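Good morning. I will go through one structure, starting with its metal sites and ending with its sheets. Please look at the sequence and the model first.

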Amino acid sequence: MILADFIVVNDNGLYCPYGGFYLDPKLPVQHAVISHAHGDHAVSANTNVYCTEPTSAFMTLRYGKLAAKQFHLYCFRQTFTIGQVQLTLISAGHMLGSAQVLMEYQGTRYLYTGDYKVQPDATCDPIEWVKTDVLITETTFADPKTQHPDPVTEIKKLNDIKSNILLGAYALGKSQRLINLINTHCPQKKVLVHHRIMPVNLIYERFGFSPGNYQMYGRKLMKEQKEYVYLVPPFTFESYFKATGVKRLFASGWKNLQANQNDALFISDHVDWNDILQCIKFAEPKQVWTLHGDGRQLKAHLDGDIEVKLLG
Ligand SMILES: [Zn+2]
Ligand SMILES: [Zn+2]
């Protein structure tokens with residue numbers, strides 16, 4: 001039997017009253033199951049944090065001692081319990097360490113996807129598909145008009161640019177995926193990395209997911225020749241808005257983050273409309289509960305087949 005109140009939303013975030021834990025809480029709590037290390041999912045100062053080892057490493061890099069009072073680390077597919085609920089972390093394919101959270105209680109399966117991605121990505125484990133009774137999915141891009149282009153086609157746009165490139169991207173996850181894509185599909189380009197991205201790369205390497213070849217940015221380097229791609233976090237990207245002699249590009253699935261339409265690099269680490277439908281087809285849920293973005297189009301699309309509840 002599906003319990004309508006198995007996951008409820010309160011001021012701290014998504015709460016499971018049967019296990020006494022939160023999923024990616026927005027404020028610090030006693031028991032936090034953290035799907036992945038992006039800042040909107042992993043806040044500091046939780047007491048007990050249940051996550052994968054890479055997620056704990058990224059959180060510790062960002063928050064130091066405030067990352068958690070106590071980490072409880074699990075591999076994918078390893079089962080553990082909190083309260084009355086049995087939990088299993090399942091690879092989400094979104095970034096290194098990213099997990100879906102499978103929760104089983106009284107014979108019913110609830111799967112929280114966190115952020116997830118179907119597109120191939122050599123810098124993290126691929127998504128694993130599982131069956132579930134309730135699919136709790138993000139709907140960041142749950143719009144039939146959103147179909148992410150092929151990331152290889154997108155990255156190959158860099159080959160047509162004959163000047164040095166300033167490439168803005170989130171430091172965690174996206175940057176490493178970009179380094180790997182540039183190494184693979186733009187072999188003549190040399191990647192320079194902003195110093196803020198360097199420690200993230202080192203964690204990737206420690207866990208056996210080397211992004212590829214890159215070197216730390218140095219002021220003189222870009223004067224020498226024209227095949228450099230200088231990868232910088234969003235804040236630095238914005239502050240270089242007057243930069244001359246370089247082409248500025250921002251890599252994101254979000255149309256509104258692009259400097260302009262001609263300079264768009266649409267590389268997303270989220271599922272698009274078709275990916276969500278593919279996931280639902282495989283998971284065969286009896287109910288879909290939606291989070292982030294807007295679940296209304298999904299609700300309309302599945303009307304009559306699968307009950308859809310908008311959690312937030
Ligand atoms: Zn994320
Ligand atoms: Zn997110």
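Along the sequence, the donor residues of the zinc ion (ligand 1) follow the spacing H-x1-H-x55-H-x20-D. Before the details, the ground rules. The model is predicted, with local features needing pLDDT of at least 70 and side-chain atom pairs counted only at pLDDT 80 or more, while totals for chains, interfaces and linings use all residues. Residues are numbered from 1 along each chain as its sequence is written, chains are lettered from A and ligands numbered from 1 in the order in which they are written, and side-chain values use heavy atoms, with hydrogens and water left out.

Which atoms coordinate the zinc ion (ligand 1)? They are His-36 (NE2), His-38 (ND1), His-94 (NE2) and Asp-115 (OD), at 2.2 to 2.3 Å. A donor here is an N, O or S atom within 2.8 Å of the metal (3.2 Å for Na, K and Ca); water is not among the atoms, so sites may look incomplete. The 4 donor atoms subtend angles of 89 to 169°, which makes the arrangement irregular. Four donors are called tetrahedral if all angles lie between 85 and 135 degrees; four are square planar and six octahedral if opposite donors are over 155 degrees apart and all others between 65 and 115; anything else is irregular.

Now the zinc ion (ligand 2). Asp-40 (OD), His-41 (NE2) and Asp-115 (OD) coordinate this ion at 2.2 to 2.7 Å. Its donors are spaced D-H-x73-D along the chain. His-41 sits in the loop between S4 and S5, and Asp-115 in the loop between S10 and strand S11 (134–139), so this pair links parts of the chain 74 residues apart. Asp-115 also bridges the two zinc ions, which lie 3.6 Å apart.

Next, the spaces. The largest pocket holds about 740 Å³. Of its 29 lining residues, the closest to the centre are His-38, Gly-39, Tyr-170, Ala-171 and Leu-172. Helix H1 (53–63), helix H4 (198–206) and helix H6 (234–239) each give two or more residues to this lining, and H1 gives the most, with 3. By class, the lining has 13 nonpolar, 10 polar and 6 charged residues. Nonpolar covers Ala, Val, Leu, Ile, Met, Phe, Trp, Tyr, Cys and Pro; charged covers Asp, Glu, Lys and Arg; the others, Gly among them, are polar.

On a 1 Å grid over the protein atoms alone, a cavity is a set of points where a 1.4 Å probe fits but cannot get out; a pocket is an open set with protein on both sides within 12 Å along at least five of seven lines, and lining residues have an atom within 4 Å of a point. Points are joined across faces, edges and corners, and a volume is the space filled by probe spheres set on them.

Last, the strands. An open sheet of 7 strands runs S7-S8-S9-S10-S11-S18-S19, with mixed pairing. Strand S7 (79–82) and strand S19 (307–310) are at the edges with a single partner each, so one side of each has no neighbour in the sheet. Helices (H or I, at least four residues) and strands (E, at least two) are DSSP runs, numbered from the N terminus; two strands pair if DSSP finds at least two bridges between them. Within this sheet, S9 and S10 pair in the antiparallel sense over 5 bridges, and Leu-102 has Leu-111 as its bridge partner in S10.
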